[in-house]
Amino acid sequence: MSLDLSVDRSSPVPLYFQLSQQLEAAIERGALTPGSLLGNEIELAARLGLSRPTVRQAIQSLVDKGLLVRRRGVGTQVVHSKVKRPLELSSLYDDLEAAGQRPATKVLVNTVVPATAEVAAALGVAQESDVHRVERLRLTHGEPMAYLCNYLPPGLFDLDTELLEATGLYRLMRAAGITLHSARQSIGARAATAGEAERLGEAEGAPLLTMERTTFDDMGRAVEFGTHTYRPSRYSFEFQLLVRS
């Protein structure tokens, strides 16, 4: 590992935190790539003039965040950076690809079902009418990150399973000539059910991020209603707030 690391001993910020922030930034910008080894704690401590417990505390904070993992016989290894998704009308697939996360998709369900009252209201169709239901598991570097359940009006475009596993839903919509215009979205959090925990590789009852979104095209037609769950250790939503004058 050849990184430009330094600590400011005159700063009120704890030394371990200064080091952990620099290492996290290196992971985020790709200077420390997934699978790379962080190096020996003793050597890193000597290089920075820090105590070994200080370096260990910095590394442990990144292990707790899911950015590093300690492997017996191997050392401390970079797992991947946490994806920070902007709150705008974009697809998870595109955001992961832009973050260098090598997204992959496993289609769990691809079928036609009768619309529930909630789905019918979101899509503007009659209750019990046919809608398309697609359930997907989105992975990065072979690890599950999100479970995506989407409902679409029938006949909108070809929902081929192979295409759904090869690319993102919004890309398929755009390729079919659908112009995405806006969305209504809500974000929350709750405990993982047994099924969700198994799908996402978390413990039952672990906290999950949730998102519910209805997407509209440029004619005001609802083209998709989705309910998604995310692993907060791998994913977060990022806001930009403006001051109202």
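## Helix α1 against helix α3

Start with helix α1 (residues 15–28) and helix α3 (residues 52–64), whose axes come within 8 Å and cross at roughly 45°. Helices here are DSSP runs of H or I with at least four residues, strands are runs of E with at least two, and both are numbered from the N terminus. The axes are lines fitted to C-alpha atoms, for helices over the stretch in contact, with angles from 0 to 180 degrees between N-to-C directions.

Who touches whom? From α1 it's Leu-15, Tyr-16, Leu-19, Ser-20, Leu-23 and Glu-24, and from α3 it's Thr-54, Val-55, Gln-57, Ala-58, Ser-61 and Leu-62, with contact meaning heavy atoms within 4.5 Å. Sorted by class, this contact of α1 with α3 has seven nonpolar, four polar and one charged residues. Ala, Val, Leu, Ile, Met, Phe, Trp, Tyr, Cys and Pro count as nonpolar, Asp, Glu, Lys and Arg as charged, and the others, Gly among them, as polar.

## What you're looking at

This is a predicted model, where local features need pLDDT of at least 70, side-chain atom pairs count only at pLDDT 80 or more, and totals for chains, interfaces and linings use all residues. Residues are numbered from 1 along each chain as its sequence is written, and side-chain values use heavy atoms, with hydrogens and water left out.

Glu-41, Ile-42, Leu-44 and Ala-45 of α2 touch Arg-52, Val-55, Arg-56 and Ile-59 of α3. This contact of α2 with α3 splits into five nonpolar, no polar and three charged residues.

Glu-41 forms a salt bridge with Arg-56, and their closest N and O atoms are 3.7 Å apart. The pair ties helix α2 to helix α3 across 15 residues. The total is eight salt bridges, each a side-chain nitrogen of Lys or Arg within 4 Å of a carboxyl oxygen of Asp or Glu.

## The strands

An open sheet of six strands runs β4-β5-β6-β9-β8-β7, with antiparallel pairing; two strands pair if DSSP finds at least two bridges between them. β4 (103–114) and β7 (180–191) sit at the edges with a single partner strand each, so one side of each has no neighbour in the sheet. From one strand to the next, the twist averages 15°. Within the sheet, β6 (residues 143–152) and β9 (residues 222–230) pair antiparallel over six bridges, with Asn-150 opposite Gly-226 in β9.

Val-69 stands opposite Gln-77 in β2. The hairpin has three residues between the strands, and Gly-73 takes a positive phi near 80°.
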